[in-house]
Amino acid sequence: MEKEIQVAEASIQEMEPRVQAHKWYPRFHVAPRAYWMNDPNGFSYFNGEYHLFYQHHPFSPEWGPMHWGHVVSRDLVHWEHLPVALAPSTEDDADGCFSGSAIEVNGKLVAMYTGNVWTGPDHDTDLKQVQMIAESSDGIHFTKRVEPVINEAPEGDIHPYHFRDPKVWEHNGTYYCVLGSRTKDHQGQVLLYRSDDLLNWAFMAVAAKKEGNGGFMWECPDLFHLGEHDVLVMSPQGVKPEGEKFHNLHQAVYVLGELEYGTGTFTHGDFHMLDAGFDFYAPQTLEDPEGRRVMIGWMDMWESEMPTQAHGFCGAMTIPRVLVPDGDRLLVQPLPELAELRREAVSYENQPVTAKQTFDSVNGTCLELRVEVNIKNADAFRVNFRSGSEEKTVLRWDKKDAAVTLDRTKSGAGVSGTRTVKVNTESDILKFRLFLDQSSAEIFINDGEAVMTARIYPEETSDGIEFEAEGEAVIERLEKWELH
Ligand code: FRU
């Protein structure tokens, strides 16, 4: 694989200087040095560092034969790029090293991923997927096992080709892995396997599937214990909209339940959305040394407009988010250590807002903004950000719907539409926490009750932030930091 990696590195290095100065290139999010990125892969902690790999096409800003790009961090905040870790190089992954995970075993970092081969021109029907292993002693250079460790999909009502994205974990001395799958008539499901050595895998059961509106394929499953429950995170394709939910082409959801390790069945409740915005897919989690469950997702969506492609790059990761159990829900919160990125700060207190209002130094393109607003006497409250003469992205709370809407009708190039999520304002206090980074917005509502993520492509001069209310809202606290 050495030769393939060298060719990929040469391609990236040639393009890199042109890409990273672009106005839409993220400053504190993980993004490809150049060209294309999708799913996070192999998110793991190894030898005192966090490793994050990602689906990467190092030859063009479009999806293509998948490699694994690689970044590393000591704190999940500052990331350093490493050389491409996996490249297509064997008979079984000739057309792509698809998504997978990584786990530390006896001082080695072991990656398990899907080898993909096209057997004809139709990418939906003409494919063969197998599960493969690659190992590394230093966390940087990987050696593949040439033979797949899972060669074909199991018997039963399981689609023979679409099975992929292994996520491995260890439980009481045994390894387990979940795989994304579908039934023969295209209903999403998750398969569970077990192994004593990561090389010989035994199929246990279809761990989970959903009757009704569950989508045609479940990609990128991730199963772990958190608080009182086992949690299955996954990315179902083709779920239909229900009310204000599920309006993206594909979803990233979790279900809470119990995994019966003896039989391999997972009894669970209904889908909850992990993000109520536009651009969040294929998240993967790890348990950090403090026992926190940290999640990173791909901050884009399949088949959406991606205006950065014209500039040689595409795709980014979200900030790391901590999953916190809260009864029959999970809260999704920004990693607290992101505070290390804070530079120049401004803050205001007890500011009544009626008509449109701005505050000195509360503006920018790369920042964190925290707003706590008393909405007892308000019918609506709005924050317009990345606002300029023609552009603005609008975050709006409406009392009549008890909901927050993110509107990117005027967010700049390529994007449009709105997303809405119900929120709880029984306390009369509404909390917004925004992370903006050149071409993205991640909005945490009420301490993680909901998150809305969007890519936006405004002019760099559209850096205004305005607050508006119908009735009277009182901003009890407003804080803004430049982030570097
Ligand atoms: C999810 C996904 C995975 C697959 C990978 C290919 O976004 O479709 O199922 O392994 O992307 O890049």
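Which residues have the most contacts inside the largest nonpolar core? In this predicted model, they are Phe43, Leu52, Trp79, Val231, Leu274 and Leu323, and the core has 39 residues. A nonpolar core is here a set of buried Ala, Val, Leu, Ile, Met, Phe, Trp, Tyr and Cys residues joined through side-chain atoms within 4.5 Å. Buried stands for under 20% relative accessible area, exposed for over 50%, and partly exposed for what lies in between (1.4 Å probe, protein chains only).

Residues are numbered from 1 along each chain as its sequence is written, and side-chain values use heavy atoms, with hydrogens and water left out. Because the model is predicted, local features need pLDDT of at least 70 and side-chain atom pairs count only at pLDDT 80 or more, while totals for chains, interfaces and linings use all residues. The protein chain averages a pLDDT (the predictor's confidence in each residue, from 0 to 100) of 97, and 100% of the residues score at least 70. For the complex, the predictor gives an ipTM of 0.99 and a pTM of 0.98.

Leaving aside neighbours within four places in sequence, leucine 52 is in contact (heavy atoms within 4.5 Å) with Val30, Pro40, Asn41, Phe43, Gly69, His70, Val71, Trp79, Ile296 and Met317. Another core, of 37 residues, lies apart from this one and includes Val362, Val373, Val423 and Leu434.

Strands are DSSP runs of E with at least two residues, and helices are runs of H or I with at least four, numbered from the N terminus; two strands pair if DSSP finds at least two bridges between them. Strand β21 (residues 321-326) pairs with β19 (residues 293-298) in the antiparallel sense over three bridges, and here valine 294 has valine 322 as its bridge partner. β21 also pairs with β22 (residues 329-334), again antiparallel, over six bridges. Leucine 323 stands opposite valine 332 in β22. The two strands β21 and β22 form a hairpin with two residues between them, and glycine 327 in the turn has a positive phi of about 65°.

Two open sheets can be described strand by strand. Seven bridges join β25 (residues 378-387) to β32 in the antiparallel sense, and valine 383 has phenylalanine 467 of β32 as its bridge partner. The other sheet has four strands, in the order β5-β6-β7-β8, also with antiparallel pairing. β5 (97-105) and β8 (143-144) stand at its edges with a single partner strand each, so one side of each is left without a neighbour in the sheet. Strand β7 (residues 127-136) is joined to β8 by two bridges, and glutamate 135 has threonine 143 in β8 as its bridge partner.

Some loop residues also deserve a look. Most residues other than glycine have a negative phi. Glutamate 303, however, has a positive phi near 55°; this residue lies in the loop between β19 and β20 (313-314) and counts as exposed at 73% relative accessibility. Aspartate 447 likewise has a positive phi, of about 55°. This aspartate is found in the loop between β30 (440-445) and β31 (450-455), where 42% relative accessibility makes it partly exposed. Aspartate 75, in the loop between β3 (67-73) and β4 (80-86), is in contact with Tyr50, Leu335, Glu337 and Glu340 when neighbours within four places in sequence are left aside.

Finally, the cysteines. With a disulfide taken as a pair of cysteine sulfur atoms within 2.5 Å, the count comes to zero. For cysteine 97, the nearest cysteine sulfur, that of cysteine 220, is 15 Å away, and cysteine 97 is buried at 0% relative accessible area. Cysteine 177 is in no disulfide either, the sulfur of cysteine 220 being nearest at 13 Å; cysteine 177 also counts as buried, at 0% relative accessibility.
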